[in-house]
Structures are given as structure tokens and as C-alpha cells.
Amino acid sequence: MDHLTVDINRVIKNAIQVMEDSKYQIYEICESARSELEALEQELELVLQETVKTIEKVDQLEQDYRRARIRLTEVSRDFVRYKEEDIKSAYEKATQIQLDLMVYREKESYLKARRDDLQKRVRNVENSIERAEMIASQINVVLEYLSGDLNQVTRILESAKTRQLLGLKIILAQEEERKRIAREIHDGPAQSLANIVLRTEIAERMLIKKEFEMVQEELVDLKGQVRSGLEEIRKIIFNLRPMALDDLGLVPTLRKFVQDFEDKSKIHTVFELSGKEIRMPSAMEAAIYRLVQEAFTNALKHANASRVLLDISYEPHLITIIIHDNGIGFQSDLIDLGASRNSHFGLIGMRERVELIEGRMDIDSNPGQGTKIIIHIPITAENRKE
């Protein structure tokens with residue numbers, strides 16, 4: 001068995017090294033593709049603007065050409081009123097407009113073809129980025145799995161599939177969360193910082209030119225952008241770990257979450273509390289907060305609900321949490337069958353997390369009758385926080 005463990009250890013270390021190298025190569029490919037995508041989007045925007053202008057110019061030239069032909073016909077028929085010079089001038093004008101029209105029609109065809117090509121390339125690069133991110137995510141999952149304790153890996157290889165699947169699901173959930181955070185940082189603070197660098201360079205050039213009034217205006221805008229970027233970072237930090245949990249406790253944090261949820265989603269929410277809050281270890285309170293957050297997200301994304309109730313009841317040795325929505329509902333007794341069809345993963349993940357903290361979760365739902373999630377979490381002596 002020791003010899004087998006050494007062999008497995010060597011194989012795993014080699015696999016980890018290869019995947020680590022591959023992960024950074026994929027990261028470089030992603031960054032290169034994002035730069036290409038940004039350049040393509042900028043070029044596409046210019047082409048779209050030029051296409052609109054060209055189409056308008058073609059329409060105008062077509063109207064001018066019709067008028068010029070009418071004018072040419074008019075002067076050509078009336079030899080009494082118009083001289084040969086008038087006829088020649090009308091003919092030259094009509095001919096020039098016709099040439100301009102041909103040129104702009106050709107330009108319009110070229111721009112439309114260029115626009116279609118750029119749009120296709122943008123879609124292809126977006127798909128490439130998505131595929132690269134998916135591969136990186138899968139590599140991270142495998143790395144996370146292989147980088148654990150070797151004895152644990154060996155036991156999992158020898159144990160039942162259920163343990164293996166549970167570990168993989170937890171790692172997948174962690175990886176999805178990391179991907180979401182990375183996207184939030186890339187789309188928010190990273191973009192803001194790039195813009196701030198650009199604005200700083202502009203202010204620097206203005207200083208060299210001694211355009212102090214414009215520098216002052218630029219600095220005011222810059223200060224606003226810094227504040228906005230700071231606010232985005234604070235939101236990301238709060239989503240990672242609501243600081244109010246440690247400072248104020250679970251109930252005030254959930255009360256604020258419910259209010260914020262109603263403000264953003266426009267779904268009517270009700271928060272009800274019975275009993276006196278019992279403070280618990282930080283990890284336990286964070287787990288309960290995430291469970292409620294997941295249930296509300298499901299109600300928003302899948303239930304099409306107009307009302308959500310959160311009811312928390314504290315008893316000496318038990319917390320009962322009820323999340324009840326008036327949405328479309330589903331056949332709750334088929335949820336375990338649904339797991340095999342890759343549906344209801346959110347609820348299945350919630351149930352597994354409840355079981356990890358030694359609780360129980362029941363789901364009561366029927367089509368057209370909403371969904372009620374009931375979570376019972378025992379409060380043991382170890383889980384109390386004075």
C-alpha cells in the first residue's frame with residue numbers, strides 16, 4: 001500500500017505541475033483575447049457610426065440625383081428658356097451626383113460587410129474567452145481536488161461515489177464563486193482603475209501645457225471616479241463576507257439583506273422574528289446567511305414570485321428558518337429525481353450545506369402554490385457564542 005501511495009503521489013505531483021503551467025498559459029490566452037475583443041469592439045463602434053453616416057449620405061444623394069435628373073429633363077426640353085450652357089451645367093451636375101452616389105453605395109456595401117465580419121469576430125472571441133474560462137475553471141477544480149491531503153485522495157479513490165461527488169460539488173461551488181468574484185473585479189474596479197490611469201495621464205499633459213483650470217476640472221472628475229471605484233470594492237468585500245455579521249449579528253444583517261433585496265428586485269419582502277437571537281460562531285452565522293441568500297436568489301431567478309417571507313425562530317436549542325415565496329412552485333417530491341437530470345442544483349447544494357452543519361432542510365412546493373423551505377439547525381453548547 002505504501003508503494004502504491006508513493007506512485008500515486010508522484011503521478012499527482014506531475015499532474016499538478018502540468019496543470020499549473022497550463023492554467024497560466026490559459027490566463028495569458030484569456031488576457032490576449034480580452035485585449036483583442038476590446039480592440040474589435042472599438043473598431044466595430046467606429047464602423048457602425050461610419051455606416052450610419054454613409055447610409056444617410058446615400059439617401060441624400062439619391063434624393064439629389066432624382067432632383068438633378070428632373071432638372072436635366074426640364075432644361076433639355078425647353079430650348080427657349082434655357083441656353084446650351086444651362087443644359088451642360090445640369091448634365092454635369094447630374095453626372096457628378098451619379099458618380100458620388102456610386103462611390104458611396106460602394107462604400108456602404110463595404111462598411112456593411114466589414115460590420116458583419118467584425119460582429120462575427122466579436123462573437124467568436126467572446127466564445128473563445130468563455131471556453132478558456134471554462135477550461136481554467138475545470139483545471140482549478142482538479143487542482144483543488146488533487147492538492148488536498150494525499151491520504152484523503154487515496155481514501156476517496158477507495159470509497160463510495162457519494163463522498164467523491166459531495167467533495168466535487170463543494171469545490172465546483174467554490175470555483176463558481178471565485179469566477180463570479182473575478183468577473184466582478186474585472187468589470188468593476190479593474191475597469192475603473194484603468195480609466196483613472198488614463199485620466200491621470202490627461203491631467204499630467206494639461207499640467208505640462210499649464211492649463212490649470214482644465215486640470216482642476218479633471219481632478220474633480222478623477223476624485224469622483226476614485227470614490228465610485230472604492231464603493232464598488234466595498235460592495236464586493238461585503239458580498240464576500242458581510243462585516244455586519246461580526247459587528248451586529250445575524251438578525252440585523254439579514255434584516256438589511258431583505259430590505260436591500262426588496263429595493264433591488266421590487267419583490268415585496270417580509271421579515272419576521274420570534275425569540276431572542278443567540279450569537280453563534282462566525283462560520284455558523286455566515287453559513288446561515290448564505291443559505292438565506294441562496295433561497296432568495298432562487299425565488300428571484302426561478303420562482304417568478306411577487307412576495308417572499310423570511311421567518312426566523314430562536315429556541316433554546318434550535319433555530320428554525322422558513323423562506324416562503326408565492327411563485328410558480330414545482331413538484332418537490334421529485335427533487336431527488338431531478339438531481340439526476342441536472343436540475344434543482346441550488347436546492348440540492350443548500351440541503352448538503354445544511355447537513356454539513358448538522359441541520360435538516362425540508363421543501364414543501366407544488367406547481368402554482370409557491371415554495372416553502374424549512375431549515376432546522378440545532379444549537380449545541382459548542383455552537384453558542386456568549
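**Entry 1: Asp64 and Arg67**

I began with a salt bridge between the side chains of Asp64 and Arg67, with N and O 2.5 Å apart. The model is predicted, and I read the distance as a computed value. Both residues sit in helix α1 three residues apart, so about one helical turn separates them. I looked up how accessible each partner is. Asp64 is partly exposed at 22% relative accessible area, and Arg67 is partly exposed at 48%.

**Entry 2: Leu101**

From Asp64 I went to Leu101, which is 37 residues away in sequence and 9.5 Å away in space, C-alpha to C-alpha. Leu101 belongs to helix α2. Is Leu101 buried or exposed? Its relative accessibility is 3%, under the 20% limit, so Leu101 counts as buried. Setting aside neighbours within four places in sequence, I found Leu101 in contact with Val58, Leu61, Glu62 and Tyr65.

**Entry 3: Other salt bridges**

I searched the whole structure and got twelve salt bridges. One of them joins Arg34 to Glu31, with the closest N and O atoms 2.8 Å apart. These two are also three residues apart in α1, and therefore separated by about one helical turn. Arg34 is partly exposed at 21% relative accessibility; Glu31 is partly exposed at 30%.

I then checked Glu285, which forms a salt bridge with Arg279 at 2.8 Å between the closest N and O atoms. Glu285 is buried, with a relative accessible area of 0%, whereas Arg279 is partly exposed at 23%. I also noted a network of salt bridges that links Glu43, Arg114 and Asp117.

**Entry 4: Second largest pocket**

I looked up the second largest pocket and noted a volume of about 1,100 Å³. Which of its 31 lining residues are closest to the centre? They are Glu31, Arg34, Glu133, Ala182 and His186. Glu31 and Arg34 are the salt-bridged pair from the previous entry. Helices α1 (2-77), α2 (84-146) and α4 (161-208) each supply at least two lining residues. By type, I have the lining as twelve nonpolar, six polar and 13 charged residues.

**Entry 5: Nonpolar cores**

The largest nonpolar core has 40 residues, and Phe296, Leu310, Ile321 and Ile375 touch the most other members. Elements that give two or more residues to this core include α7 (250-265), β2 (307-315) and β5 (371-378). Helix α8 gives the most, with ten residues. I listed the contacts of Leu310 beyond four places in sequence; among them are Leu254, Val258, Phe271, Phe296 and Ile321. I also recorded a second, separate core of eleven residues, including Leu72, Tyr82, Ala90 and Ile97.

Key. Residues are numbered from 1 along each chain as its sequence is written. This is a predicted model: local features need pLDDT of at least 70, side-chain atom pairs count only at pLDDT 80 or more; totals for chains, interfaces and linings use all residues. Side-chain values use heavy atoms; hydrogens and water are left out. On a 1 Å grid over the protein atoms alone, a cavity is a set of points where a 1.4 Å probe fits but cannot get out, and a pocket is an open set with protein on both sides within 12 Å along at least five of seven lines; lining residues have an atom within 4 Å of a point. Grid points are joined across faces, edges and corners, and a volume is the space filled by probe spheres set on the points. Helices (H or I, at least four residues) and strands (E, at least two) are DSSP runs, numbered from the N terminus. Ala, Val, Leu, Ile, Met, Phe, Trp, Tyr, Cys and Pro count as nonpolar, Asp, Glu, Lys and Arg as charged, and the others, Gly among them, as polar. Buried means under 20% relative accessible area, exposed over 50%, partly exposed in between (1.4 Å probe, protein chains only). Contact means heavy atoms within 4.5 Å. A nonpolar core is a set of buried Ala, Val, Leu, Ile, Met, Phe, Trp, Tyr and Cys residues joined through side-chain atoms within 4.5 Å. A salt bridge is a side-chain nitrogen of Lys or Arg within 4 Å of a carboxyl oxygen of Asp or Glu.
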